[in-house]
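Me: Please take a close look at a single part of this model, the place where two of its chains meet, and describe it in one connected account.

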Number of protein chains: 4
Amino acid sequence: MLDAGVAAAERRGLKVSIAVVDGGGYLVGLLKMDGAPLLSPDIAQGKAVASAVFNAPSLDLSKRWAPGSPIPTAVSARLGGRFVPHQGALPIRDGDAAIGAVGVSGAASDQDEAVAADAIAARPVAA
Amino acid sequence: MLDAGVAAAERRGLKVSIAVVDGGGYLVGLLKMDGAPLLSPDIAQGKAVASAVFNAPSLDLSKRWAPGSPIPTAVSARLGGRFVPHQGALPIRDGDAAIGAVGVSGAASDQDEAVAADAIAARPVAA
Amino acid sequence: MLDAGVAAAERRGLKVSIAVVDGGGYLVGLLKMDGAPLLSPDIAQGKAVASAVFNAPSLDLSKRWAPGSPIPTAVSARLGGRFVPHQGALPIRDGDAAIGAVGVSGAASDQDEAVAADAIAARPVAA
Amino acid sequence: MLDAGVAAAERRGLKVSIAVVDGGGYLVGLLKMDGAPLLSPDIAQGKAVASAVFNAPSLDLSKRWAPGSPIPTAVSARLGGRFVPHQGALPIRDGDAAIGAVGVSGAASDQDEAVAADAIAARPVAA
């Protein structure tokens with residue numbers, strides 16, 4: 001999936017970081033493309049964690065809580081700051097369950113999400 | 001650069017703190033002028049870190065994220081609170097890459113930035 | 001380097017995680033092999049950070065401080081817990097300077113280090 | 001004092017970082033010499049904070065608490081991790097009161113302390 005994500009980003013002329021986490025938000029793989037921002041790996045990881053643990057596109061999470069809600073603050077504290085509920089990550093699903101997520105950072109957030117979608121689409125069916 | 005920054009602040013009648021960090025945001029040098037606010041060294045450091053790790057004037061960063069965006073919160077957590085995306089810091093560049101930054105705090109933020117610019121202008125060419 | 005590290009681990013029959021960081025300890029790439037322990041990515045990252053920021057094999061760091069020294073505790077706090085001064089990581093050097101590090105976790109720590117060495121040996125000369 | 005500390009380190013052939021804090025442990029000035037370790041500024045700051053807030057040489061603090069004592073842990077938490085009770089810092093005194101401290105890191109800890117002593121000795125009498 002990382003290779004597919006990098007290929008998708010290159011086709012679009014983007015320089016991004018791509019993170020893959022499991023269903024519990026634990027890191028499984030990460031790649032920072034040359035020229036992607038220094039902290040884009042951390043932001044990509046945070047988006048992927050958000051998507052995995054809530055089983056939702058991170059775009060949905062950016063709209064879920066009212067401004068000032070204590071919930072994202074508490075979740076971020078629980079996850080050691082590795083929580084970025086902002087567009088750019090999509091869950092990897094087996095049926096309805098999230099078994100992981102892909103998060104992307106470094107480009108406009110809708111482009112980040114498009115790269116995540118392409119990375120997930122490349123997942124082998126049998127996996 | 002610290003001496004040049006102090007001289008520039010004195011010419012303007014300002015009492016500020018000036019921080020220099022490397023390209024990864026690690027502190028390299030810092031001076032608090034007599035009479036500068038107690039926490040101005042920490043704020044100057046935070047501005048410099050922000051400018052270095054995003055390779056941008058910290059003024060630009062103050063406009064980059066919508067109010068309530070989770071990204072600056074997550075970045076601040078990642079950097080142990082050493083992240084102040086607010087006018088007053090400028091990157092030190094080698095070509096296009098940020099090899100460090102100078103951050104200033106203690107005066108109005110546009111004056112802080114002017115001091116940072118003077119400090120960077122004093123950098124030896126051969127360095 | 002990640003691919004070389006995975007190949008080296010497979011040759012030895014090991015299931016590990018491999019992290020690559022830059023000279024400031026920022027994550028650049030990471031892979032967790034199937035079957036490697038859940039937190040091995042985080043431990044690999046922490047070893048790599050330790051090796052990069054101190055420009056030393058992490059084995060050396062495990063012997064540097066007396067038991068109870070406050071220095072590793074303070075460094076860990078400064079780095080947000082991403083600091084594991086334990087065998088399994090080696091610096092990537094350009095001349096004498098550390099420009100990054102590779103950290104490995106999941107096997108015995110001397111085997112982890114051997115995988116890191118193989119990953120670094122695969123680095124293209126021109127890079 | 002920073003300049004005097006750097007001169008003292010150069011006379012000894014050392015590459016260190018030197019931090020000056022006020023009586024409350026707030027940073028006033030810091031210099032990292034070329035070639036000093038990446039995190040030596042943070043460690044120097046932590047030593048200086050320890051010396052200032054306890055009004056004692058940091059060497060004394062390294063012996064003050066029994067192994068496993070919860071006090072240094074609690075103090076470190078209170079000070080955001082900026083607390084390194086380890087040889088290399090000396091208080092700056094006005095009479096018996098600590099009005100600040102100088103902390104040094106990067107060499108052997110007794111050499112660090114010698115540099116701190118030289119830096120403090122250079123303080124203008126009228127200050």
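Reply: What follows is about the interface of chain C and chain A. This is a predicted model, in which local features need pLDDT of at least 70 and side-chain atom pairs count only at pLDDT 80 or more, while totals for chains, interfaces and linings use all residues. Residues are numbered from 1 along each chain as its sequence is written, chains are lettered from A in the order in which they are written, and side-chain values use heavy atoms, with hydrogens and water left out.

Contact (heavy atoms within 4.5 Å) links 13 residues of chain C with 14 residues of chain A. The buried area (accessible area, 1.4 Å probe, lost on putting the two parts together and summed over both) is about 1200 Å², and carbon and sulfur atoms give 59% of that. On the chain C side, C:Y26, C:L27 and C:L38 lose the most area to chain A, together 35% of what that side buries. By class, the side holds nine nonpolar, one polar and three charged residues, where Ala, Val, Leu, Ile, Met, Phe, Trp, Tyr, Cys and Pro count as nonpolar, Asp, Glu, Lys and Arg as charged, and the others, Gly among them, as polar.

Strand 2 of chain A, residues 27-32, runs antiparallel to strand 2 of chain C and is joined to that strand by three bridges, with A:L30 standing opposite C:L30.

Note on methods:
Pairing = 2+ DSSP bridges. Helix = DSSP H or I, 4+ residues; strand = E, 2+ residues; numbered from the N terminus.
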